[in-house]
Amino acid sequence: MKIVCIGGGPAGLYFALLMKKQDPAHDITVVERNRPYDTFGWGVVFSDQTLGNLQAADPQTAAEILGAFNHWDDIEVNIRGHKVRSGGHGFCGIGRKRLLNILQRRCEELGVKLVFETDVQGDEQYSDADLIIASDGLNSRIRNKYAATYQPDVDLRKCRFVWLGTHKKFEAFTFAFEETGHGWFQAHAYQFDGDTSTFIVEAPEDVWLKAGIDKMEKEEGIAFCEKLFARYLDGNPLMSNASHLRGSAQWIRFPRVVCKTWVHHNGRAPVVLMGDAAHTAHFSVGSGTKLALEDSIELARCIGRSPGDLPQALADYEAVRSIEVLKIQNAARNSTEWFENVSRYVNLPPEQFAYSLLTRSQRISHENLRLRDKGYVEQYEDWIALRSGVNRAPVRQPIPPMFTPYTVRSVTLKNRVVVSPMAQYSCVDGLPGDYHLVHLGSRAMGGAGLVFVEMTCPTPDARITPGCPGLWNEQQRDGFKRIVDYVHQWSDAMIGMQLGHAGPKGSTRVPWEGEDQPLESGNWPLISASPEQYIDGVSDWSKPMTRADMDRVRDDFVRSTRYAAEAGFDWLELHCAHGYLLSSFISPLTNQRTDEYGGSLANRLRYPLEVFKAMRAAWPKDLPMSVRISAHDWVEGGITPDDAVEIGRMFKAAGADMIDCSSGQVSKAQKPVYGRMYQTPFADRIRNEAGIATIAVGAISEADHVNSIIAAGRADLCAIARPHLANPQWTLLEAAKIGYHDLGWPVQYLSGKNQLERNIEREKQMAAQAAEAANERFN
């Protein structure tokens, strides 16, 4: 097979040598525009896992690369004069020039033709090739030529950065953050050979512009960085090797590249994207070169697995790599956004700031950090516990963050786990009965710190369905008091009431009889901010609220608030999310009013804030109140996370103690981006920008998720829904899974505690033995 690789970077070179090694009869040429052994850039980073992939693909090349690596385990974070270090991260640095030299020599040894100083404009000059690899980098001409096929999406990110070097040798991968009068700058530094380190300086573009770097000559910009980061350089200068660039041109914005497809047939041969031509991953996760090399490995593997069937091999390559790359790019996006918004986190305590940085991509979790550096994690857990008011002396083992107490006003929750308000649709005339006593009581005994009742309605016409609970009369109050008393007598959990009005989403059937479908009979009139039909052509139309309607509904909420206090609830939440009545005022998708309750966000919040303030005045001052909001409508023109921060600020000013951060369900046109902990970023932003405590919700299903969120300061509590439906004792089980034995169990269940812990330990030992046996067989 005749193969041409356009671009002599890591992807093209490594693929060429792997294919030549696979079959020496292949005629392979790599065409590179630069001179032999010439390159730009400083060092690149690999993880230990990437090295393992290289060793499996070609041990000889891997040995040469490994011999040239500078290896380190520690990451060091510096901010405000504080230094935090953790170990076990397992990274290697190598000069980009050294890496390419090794690959070039290896290609020459195997008989690959290397053609330098040839600037390829397109693929048409290789009409006799059987396979063309477009490994021509970030600004790929081939990708641009066939953009209609590849469908590239190039997103220029918000920070400016410059790639520099220094002879200061950093012992650890070092992050340094320095504040200027214009904002924060950050440096990423790591040693990659015996006397040189990469030193990347980065800042949000607005900060970079305010500092005037766009108007500086190259030398001035470097001098600015030397002065700013002098404490880390020990007198060593910073160096640029971008002699071809003038002025501030070496400061660039990172382009995130995503291609829908990676293979184009030009009528003669397939043209396949590889490396940066196909995708990019931000340098803060150090995966760009890793992805390029692993692209090469996978394509060579697919061709070897399907000899004589190149179309199948290419289809397999794209299917496998597109998924793997997406995983890395998702992590890289999280990491990129963390650094773009570092001002959000700089006021965290240095200890928590460093933890937040380490877990920024969500690929590294609390337990993953523990595997890397148990001492660091346990020390950090002690720090969190002390800040939570735990007396360290009698504690037998470090307390995971999810099991630290949390105090707001006069209420102290024993831990950070919340049983979400989950609609059960099992009331008659709004009255909670035995079902709710069992449902809520069992979950209160399951280890969570706070248990919420499902959304409860202040009037019959405020219900979603006829099965929804209500709190508009004394009989309902007493029914809830029976449940509250049970929770307080038989558990150490707190119990919260969530009040809400269905608005335009009311008068529907219970979900198992037709979710969101109008009742067949007995419907009640619907109200909302503006006329609305939740499901076009299906739902009943709501009418816009008059001022008299507003007064009535506000007073209904106040009456229910007083009943909730009389029933003995510890916590009260107002539901302003998911397209229900108060949400219909907040979202511009549903609020089309032209009076003082429509238009700007402040106007749209006017009535929800009025209701909240009236409830706050009626609710005991020593008890907390939270507000559930939809922090993102997931529809163009709807509420955005930026809006959510402002919503959080305004409810905080009105007296809210916490924001419960959900999203969506305002419009059927929504297009959410799902994934584990997918709504946590909203809680993170509101907490750290609006300065109000938050509850994270959505696809949080493991103790590791909760520990990571709480430890990083992304939220103060975590609400768990579906896992609690499957297992009322979810919290007790998760504690046992992570080996935390100091969580109190109901005394009636203690005999089961010991058995559960022994069984889990036995399962871990068996899994470890099986893994060890498999490893021995493999080796």
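**View 1. Charges across the chain.** The chain carries 85 positive and 96 negative side chains, with the centres of the two sets 2 Å apart. Lys and Arg count as positive, Asp and Glu as negative, while His and the chain ends are left out; each charge is placed at NZ of Lys, CZ of Arg, CG of Asp or CD of Glu. Keep in mind that this is a predicted model, where local features need pLDDT of at least 70, side-chain atom pairs count only at pLDDT 80 or more, and totals for chains, interfaces and linings use all residues. Numbering starts from 1 along each chain as its sequence is written, and side-chain values use heavy atoms, with hydrogens and water left out.

**View 2. Inside the fold.** Of the 779 residues, 59% are buried (under 20% relative accessible area, 1.4 Å probe, protein chains only). The C-alpha trace spans about 90 × 60 × 55 Å along its principal axes.

**View 3. Arg 616 in its helix.** Arg 616 sits in helix α20, residues 606–618 (helices are DSSP runs of H or I, at least four residues, numbered from the N terminus). Its relative accessibility is 11%, so Arg 616 counts as buried.

**View 4. Who touches Arg 616.** The Arg 616 side chain makes a polar contact with that of Asp 657, at 3.4 Å (a pair of N or O atoms within 3.5 Å; within protein, one must be able to donate a hydrogen and the other to accept it, and residues adjacent in sequence count only if both atoms are side-chain atoms). Beyond neighbours within four places in sequence, Arg 616 is in contact with residues including Arg 409, Leu 623, Met 625 and Gly 655 (contact means heavy atoms within 4.5 Å).

Technical notes
Buried means under 20% relative accessible area, exposed over 50%, partly exposed in between (1.4 Å probe, protein chains only). Helices (H or I, at least four residues) and strands (E, at least two) are DSSP runs, numbered from the N terminus.
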